[in-house]
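Subject: A structure for you to explore

Hi there,

Here is the structure I promised you. Have a look at it first, and then read on for what turned up in it.

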Amino acid sequence: MRIAVIGGGPAGAFFACYAFHYARQLGRTISVDIFEPRDFFRAARPGCNMCAGLIPTYVLDEMAEIGISLPSRVIRSRISDYSLHMSAGTLDVAQPDKKAAVVSVFRGNGPLQPPPERPISLDAFLLSEAVSRGVRLRSIAVRAIEVGHEPRLRTMSDEVERYDLVVLAAGVNGPQIHVEGIPYRPPKTQSMAQTEIFMSPDAIQSLEGRVHIFLPSDKNLMFGTLVPKKNYVSISLLGNNLSRDSLSLFLSRPEVVGQLGVQSRAICACRPRIAVSPAKPLYGPGFVAVGDSGVTRLYKNGIGNALRTSRAAAHTAIFYGPSGDAFIRGYEPLCREIIQDNRFGRFLFSFTHVFQHRSALSHPHMMTVKWEQQQPPRRRRLSRLIWGMFTGSDPYRKLFLMSMDIRVQYHLFNCLIADTWYGRDLHSVLVTKGSMEL
Ligand SMILES: Cc1cc2nc3c(=O)[nH]c(=O)nc-3n(C[C@H](O)[C@H](O)[C@H](O)COP(=O)(O)OP(=O)(O)OC[C@H]3O[C@@H](n4cnc5c(N)ncnc54)[C@H](O)[C@@H]3O)c2cc1C
């Protein structure tokens, strides 16, 4: 089978690695070409796939199943704590259990000069793993695809090549690829803004191991995050119609200055897009869309999702062939599951948005979580929920059910009533009496 993969980001590299893995299990020979115009060995924007780079460690365990193990130079920080900054105050949430750990990585080869120990980029590392398994890397972009029983693609230099399967893994930040033969519509997207800040070794110490999430009561900004990466911090903003100066406005907020200091120096900045709906259709004869080009998890864990969709698509193609019928049986169930799960995610984020703007609601939540931090891990239900939402460590459906747990609701209701009664002293009352007594 001749396979063309368009895009050498995580989805493209994972697809190729899994395809070789399954082909070896069947004793079959396949050839895989990855078309990728970026050079991930370059520093800053030209070599970067623009992302905050947080990965739950269970995704690293999944990579290990096919022999991919991230070297320590690629892992920039191990995150064990989150701080949530809301109008009602700051909430510190510790990692609820070992399995929920998270690491941070660079998607490019660092924001300045390429470092001497190369590469530190996740994408460069994954792509070199794919090449070591037999991928032929083609450093050129694809202009158009023709889907059908004899799929073809046209490169930017107008070469036409025929394959048995064309895998679209081009994400949502490249130029639009013309798809013929099926009415492919790319996913809808939302705008983000991102920058990297250089920090001195002393300044970074206070940020090490902790992600800061800001939920300001600003109607255009959904959230902003600070992610530590050794001597840098990545800052990402998600919002509706983010203005050109959204990053500088964000960096001047007192609560952000409080974490970064006034001396923060932005090294590079970009305005990528994030996929927020599935593409349609996701497959056809000799064609399948994976990662962000197909369907991704809402706002969190896009890299883990790239692995899951690529694994399912590669399994289907190698074991059952690259036909539309095979993808209906082997690939569609996972896509449906992700689409369904995102509905719960959308609900949870809308709910968070309401809380974000009403300190009368967020204050009791904060107090409950602060109190939970002194309880044994199994009783930290709301903390677990918040951790899962902002790290992507659990499916949204599971988190939704957790939020509906009668004990969480009872707990919150108690705190809401007590908050009205005791006002800002609620935390000390909780610590002395415990929420159940209240
Ligand atoms: C600001 C921001 C922060 C994020 N933070 C996180 C996070 O912390 N954790 C997380 O898991 N996810 C995060 N995501 C989402 C994550 O970046 C994506 O889900 C993930 O990169 C998807 O991988 P992919 O391979 O599908 O697409 P991409 O990573 O976008 O890779 C697509 C590749 O295709 C190539 N390409 C594009 N067009 C063509 C073409 N015509 N021909 C050939 N090649 C082409 C591109 O050069 C690129 O290398 C974030 C996204 C954004 C925008």
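To start, in which loop is Tyr299 found? Tyr299 sits in the loop between strand S21 (287–289) and helix H7. Helices (H or I, at least four residues) and strands (E, at least two) are DSSP runs, numbered from the N terminus. The phi angle of Tyr299 is near 65 degrees, a positive value in a residue other than glycine.

Before going further, please keep in mind that this is a predicted model, in which local features need pLDDT of at least 70, side-chain atom pairs count only at pLDDT 80 or more, and totals for chains, interfaces and linings use all residues. Residues are numbered from 1 along each chain as its sequence is written.

Another loop is worth a visit. Pro281 lies between strand S19 (273–275) and strand S20 (283–284), and a cis peptide bond joins Lys280 to Pro281, with omega about -15 degrees.

Now the domains. The protein chain is assigned domain 1 (2–53 + 106–188 + 277–340), domain 2 (189–274) and domain 3 (352–433); such bounds come from an automatic or database domain assignment. The centres of domain 1 and domain 2, taken over C-alpha atoms, are 29 Å apart. Their contact takes 13 residues from domain 1 and 16 residues from domain 2, where two residues are in contact if their C-beta atoms, placed from the backbone, lie within 7 Å. On the side of domain 1 that touches domain 2, nine residues are nonpolar, two polar and two charged. Here Ala, Val, Leu, Ile, Met, Phe, Trp, Tyr, Cys and Pro count as nonpolar, Asp, Glu, Lys and Arg as charged, and the others, Gly among them, as polar.

Next, the ligand. It is surrounded by 40 residues, and the closest are Gly9, Gly171, Gly174, Gly291 and Gly302. A residue is near a molecule or strand if its C-beta atom, placed from the backbone, lies within 6 Å of it. Helix H1 (10–26), strand S3 (54–56), strand S14 (189–198) and H7 are the elements that give two or more residues to this shell. H7 gives the largest share, four residues. By class, the shell has 20 nonpolar, 17 polar and three charged residues. Why does the ligand lie between domain 1 and domain 2? Because both domains give residues to the shell around the ligand.

Finally, let's see how some helices pack. Axes are lines fitted to C-alpha atoms, for helices over the stretch in contact, and angles run from 0 to 180 degrees between N-to-C directions.

H1 and H7 pack at about 35 degrees, with axes 8 Å apart. Their crossing is right-handed; that word applies if the near helix is turned clockwise from the far one by less than a right angle, and left-handed if anticlockwise. Among the residues that make the contact are Phe14, Phe15 and Tyr18 of H1 and Ile303, Ala306 and Leu307 of H7. The contact divides into 17 nonpolar, three polar and one charged.

H1 also packs with helix H3 (residues 122–132), at about 25 degrees and with axes 9 Å apart. H1 and H3 are therefore roughly parallel (angles under 35 degrees count as roughly parallel, over 145 as roughly antiparallel, 65 to 115 as roughly perpendicular and the rest as oblique). The crossing of H1 and H3 is left-handed. Pro10, Ala13, Ala16 and Cys17 of H1 meet Asp123, Leu126, Leu127, Glu129 and Ala130 of H3, and these residues divide into seven nonpolar, no polar and two charged.

H7 has another partner in helix H2 (residues 57–64): the axes come within 10 Å and cross at roughly 30 degrees, which makes H2 roughly parallel to H7. This crossing is left-handed. Val59, Glu62 and Met63 of H2 meet Ile303, Gly304 and Leu307 of H7.

Enjoy exploring!

Best wishes
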